[in-house]
Amino acid sequence: MERVQFQQEQMLAELKDLVQKGLFTQKEVKQIMQKRTAFETALVRRIPKKSDFLRYATYEMSLEALRRKRAERLKLPKGPPSVSDYALVRRQFQIFERALKKFKGDVGLWIQYIQVAKKEGARALVGRITARALQLHPNVPALYVLAASHELEHLSPSAARALLQRGIRLNSDSVEMWREYVKMELNFIESLRRRWSVLGIDVKGKGKETEKAAKGKQRKAADSGDESGLEDAEDANADGMDVDQEEELDEDEAARKQIMEGAIVKAVISNAVKALPKIELFRSLHELIAAYPSPPSLRESLLDHLHALLRDTLPSLPAAIKLAATRHLSPDISGEPLVDALKNANDVLLEAVRTSSAEAREGVASVYAEFIEEWCGKGVDDSLKAYLITSLHLLIQQLPSPIPPALLAAHVRLLVRHHASLGSALLPPKVNSPDKILRVARKYTTRAPSNAAVWLARLEAEKQFAQPKDVESAWQEARTKVEGLGLEDVWLWGLQSSASTSSSAHDDDNAEAHQDVKLLEHLLPESKRIREPAAASAIHEVLLIRYAAATHRALQHQMAQGERHADASTSAMSTSDDNAPSPSLSSGPHAHVRARKPGDRAAQQPQEDGSDSNSRQVGRHSAPRTRSELAEARLARVRRLGTAHAPSARVWAEVFRQESEGYPSLDMNASGSGPDAEGDARVLGAVYEFWRQHDGVEATAAWAAWLLRSGRGKEAVAVVGRARSVLGDAAGEEVERRWKAILDGPDGGAGEEAEDAEGGADVTGEEP
């Protein structure tokens, strides 16, 4: 607390000056002192947090903004600056300095400090901050960019160039560094062009010719009046000096001309390509040069140089071929130039696909399909869309087998997406109706039977044009035939399609949740029969995550239904004229909340693994109405997942997250108020026991964090303390490290509570 008192004493002079100037009242100054004391108290805690420093700095910034507005409104007479004129800004800098002593490795904090100093106009301080930041973080390109931009703002291009060159030496593989270096050189050329234009210096050489003509006239006039030999000798010497001066002028003129033609920028681009021959660099530099406000001749010259290097460096890369073909398709192009540029790009890419080798054709075809879909998705004319789709259609017919699947999938997607807008008149005759599109889509899946992209495109066509039974049959066939990349998307397609259909056809979320549960219960055993073990494990895991979410939603809806049925039963009994008992919800032909369908075998037959069917049908026989019933239903759900499906650590992490969010509908029932802390602890404890068998570190850290947030700090500390003996020394050490990160995290009161639980020092003071 001595440090807090010291900071309070440092505030007295500025606060007194603020009162004397009439900017703040005595009451406001007391509030400022209380607020600052709270912030200072938070900063001297045993485990300081970056958020405390940032909140303090933000408060001082708002206080300084208020001071300036009041000073402007009061129109105070100008005089020598007093302590209050600079004390608030100085305090902001001091807060950042204190924060950086604790968090030197936080690059974001350095950048915030630099931005605040630039905002306040502290030019020298910005230079010192960037120098210190670069010493600690020499491999962060953003710091070099900030430092160079600061030098350029203060008309020091040589210092900016030196900074960027230093950054490039240390980060030669950074696209951002090379881009900023090229941008700085473009800025340099543009500033020179404007300056020479103001000074009347003609870069194209007209000034030199005018100067030569003037000197020639002077020489002729002097020759007509010369009569003595001495004057002839002097003229000879003068002519020699003129020749030297003309040579110097020629050299200066040539140098100026080369600079304005982009010689420096071209040299930088060449060095960048040598150091980093990647398509990301070419793409970034192309976007920069094409968008920079340079003269058209300079822009074209630089783009020619860049694309010449692209052809020499990456001649066969598909992305490079696309970049070269679409060079003239700028974002703002329209009208006739757009038509010409689009046609030229399409012809270049078509030729590249036709002439590529069998090994490279797949990649080139992929970028061509990407190009077609990209431009058909933009707001271009329908005739241009039809031209592109027809070009793709003809290419597929002309190419020899095997046809690249990317072309087939793109063709079907474009037909499905634009069939309605283009109509049968603009589309090719073989694909200008829904039946023909379906026929083509089914034909393509026979050409590429195991490709996921082609099957997904066909499924979209089936969904839009075919009957529901045909869609289900196609999806089942796709699940059995697709292999490799995209298999997971094929399995999940039906779930997403079912969800969208249900939400549009039914307004009952409960029925939708049960429909998802039923579908997933059918897919989970089927996923175990996938031939590829890695793919089977991944898809089974994703399906289990979806299944956990669906059962969680179903239980929430059933809890709400149980409350509505209970309220309805109570109302009916209170208004009944006789004493006849009301029908029970657990008996009779209409006992279930959601009636069984005749074909619902999942609700009528026992499970294959022998587990209880009541636990499988989450709440279908009777909806839980009380906290104890809901807790038992939640526990049954968790145990069902753990015993019947063997979830992975990722699945248990998702289940833990779902259960930790609670059941909001329970808080409003008649059995009590507030969340069910005991029920949550029982359920989450069961999840933790299952989870830690797969990932003890993550499970222990999450369980301890939840206990801490729930006000059970001592239990959380005990769980962390047992980690070494239960999980081993290495895992226990990792748990302790994560526990410390939890205490240092953004949760405001977590740290103090844990300190009290561990017997640590008491930190007083109001949270600011």
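**Notebook: a helical chain**

I began with the surface. The chain has an accessible surface of about 40400 Å², and carbon and sulfur atoms hold 53% of that. I note that this is a predicted model.

Next I looked up the secondary structure. I find 35 helices and zero strands in the chain. Of the 768 residues, 42% are buried. Residues 24 or more positions apart account for 67% of them.

**Helix α13**

I picked α13, residues 279-291, and checked its length. The helix has 13 residues and should span 18 Å at 1.5 Å a residue. I get 18 Å between its end C-alpha atoms, which agrees.

Which residues of α13 are buried? I list Ile 279, Leu 281, Phe 282, Ser 284, Leu 285, His 286, Leu 288 and Ile 289. I then looked for what they pack against. The partners are α9 (175-199), α12 (263-275), α14 (296-313) and α15 (318-325).

I followed up the pair α9 and α13. Their axes lie 10 Å apart, at an angle of about 30°. Angles under 35 degrees count as roughly parallel, so α9 is roughly parallel to α13. I noted the hand of the crossing too: α9 and α13 cross right-handed. On the α9 side, the contact is made by Val 175, Trp 178, Arg 179, Val 182, Lys 183 and Leu 186. On the α13 side I have Glu 280, Leu 281, Ser 284, Leu 285, Glu 287 and Leu 288.

**Gln 115**

I found Gln 115 in helix α5, residues 107-119.

**Backbone entries**

I checked the peptide bond from Ser 401 to Pro 402. The bond is cis, with omega near 0°. I place Pro 402 in the loop between α18 (382-398) and α19 (405-426).

Then I looked at positive phi. Lys 75 has a phi of about 50°, although it is not a glycine. I locate Lys 75 in the loop between α3 (50-74) and α4 (83-102). Its relative accessible area is 72%, so Lys 75 is exposed.

Ala 646 sits in the loop between α28 (627-644) and α29 (649-660). Exposed means over 50%, so Ala 646 counts as exposed at 60% relative accessibility.

Technical notes
Residues are numbered from 1 along each chain as its sequence is written. This is a predicted model: local features need pLDDT of at least 70, side-chain atom pairs count only at pLDDT 80 or more; totals for chains, interfaces and linings use all residues. Side-chain values use heavy atoms; hydrogens and water are left out. Helices (H or I, at least four residues) and strands (E, at least two) are DSSP runs, numbered from the N terminus. Buried means under 20% relative accessible area, exposed over 50%, partly exposed in between (1.4 Å probe, protein chains only). Contact means heavy atoms within 4.5 Å. Accessible areas come from the Shrake-Rupley method with a 1.4 Å probe; for residues, only the protein chains shown count as cover. The expected span of a helix is 1.5 Å times one less than its number of residues. Axes are lines fitted to C-alpha atoms, for helices over the stretch in contact, and angles run from 0 to 180 degrees between N-to-C directions. Angles under 35 degrees count as roughly parallel, over 145 as roughly antiparallel, 65 to 115 as roughly perpendicular and the rest as oblique. A crossing is left-handed if the near helix is turned anticlockwise from the far one by less than a right angle, and right-handed if clockwise.
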